[in-house]
Amino acid sequence: MLSGRRLDLLNPSPLDIEIEDIAHGLARVARWNGQTKGDHAFSVAQHSVIVEAICALLVPNMCVEDKLAALLHDAPEYVIGDMISPFKSILGDSYKDIETRLEHAIHMRFGLPAAISKKLKKNIKKADLICAYFESIHLAGFDESEAKRLFVQPPKGMIVDVTPLEVPQAQALFLERFNALLSELDAEIAKRSK
């Protein structure tokens, strides 16, 4: 990693994970394998920030730990890239095993449970598919009927801006949101300990 950390993919240690490496990598990983409209790729970093925001709208009382997990939902992709779902299916359990190991190490690094609850996973997946709905129509050339069939139609009135940012902006946006959530989490922990 650019931080100088060496990450063992088969046995990732939380101690070898840095948020700057994650933000750097995710800002450079293109959603839809870069097959999108516009001058810039739509990055996984930008997608992650939007998914966390959608989660917070879908679950208004979501705790800060769950928001952080939502922001980090695609964090393993900073190392392994973003693969389209049909290709992930072909790769099968080997890919999923590596992704899960990385996810657990990332969660532990930032004070989250290694494995998140099924309910939270379901909420994040719904937000992810709502974001994909907007991405598919506005960036990937899908028509609305196809997007409705393949993804999750957003709640009435929800509008999501998926205008792709340049790499430095996407990286800064991701880090800014991470740091805001971490500050909120620190404040909550301090409040609980009183």
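Student: What makes up the lining of the largest pocket, by class?
Tutor: That lining has 12 nonpolar, 5 polar and 11 charged residues. Here Ala, Val, Leu, Ile, Met, Phe, Trp, Tyr, Cys and Pro count as nonpolar, Asp, Glu, Lys and Arg as charged, and the others, Gly among them, as polar. D74, S85, K88, K125 and D128 lie nearest the centre of the largest pocket. By the way, this is a predicted model, where local features need pLDDT of at least 70, side-chain atom pairs count only at pLDDT 80 or more, and totals for chains, interfaces and linings use all residues. Residues are numbered from 1 along each chain as its sequence is written, and side-chain values use heavy atoms, with hydrogens and water left out.

Student: Which residues of α2 are called buried?
Tutor: V44, A45, Q46, H47, S48, V49, I50, V51, E52, I54 and C55. Buried means under 20% relative accessible area (1.4 Å probe, protein chains only). With 11 of its 15 residues buried, α2 is mostly covered.

Student: What do those buried residues pack against?
Tutor: The buried residues of α2 pack against α1 (19–28), α3 (64–71), α4 (77–80), α7 and α9 (167–192); contact means heavy atoms within 4.5 Å.

Student: How do you know that the span of α2 agrees with its 15 residues?
Tutor: The expected span is 1.5 Å times one less than the number of residues. For α2 that should be 21 Å, and the end C-alpha atoms are 20 Å apart, so the two agree.

How values were computed: On a 1 Å grid over the protein atoms alone, a cavity is a set of points where a 1.4 Å probe fits but cannot get out, and a pocket is an open set with protein on both sides within 12 Å along at least five of seven lines; lining residues have an atom within 4 Å of a point. Helices (H or I, at least four residues) and strands (E, at least two) are DSSP runs, numbered from the N terminus. Buried means under 20% relative accessible area, exposed over 50%, partly exposed in between (1.4 Å probe, protein chains only).
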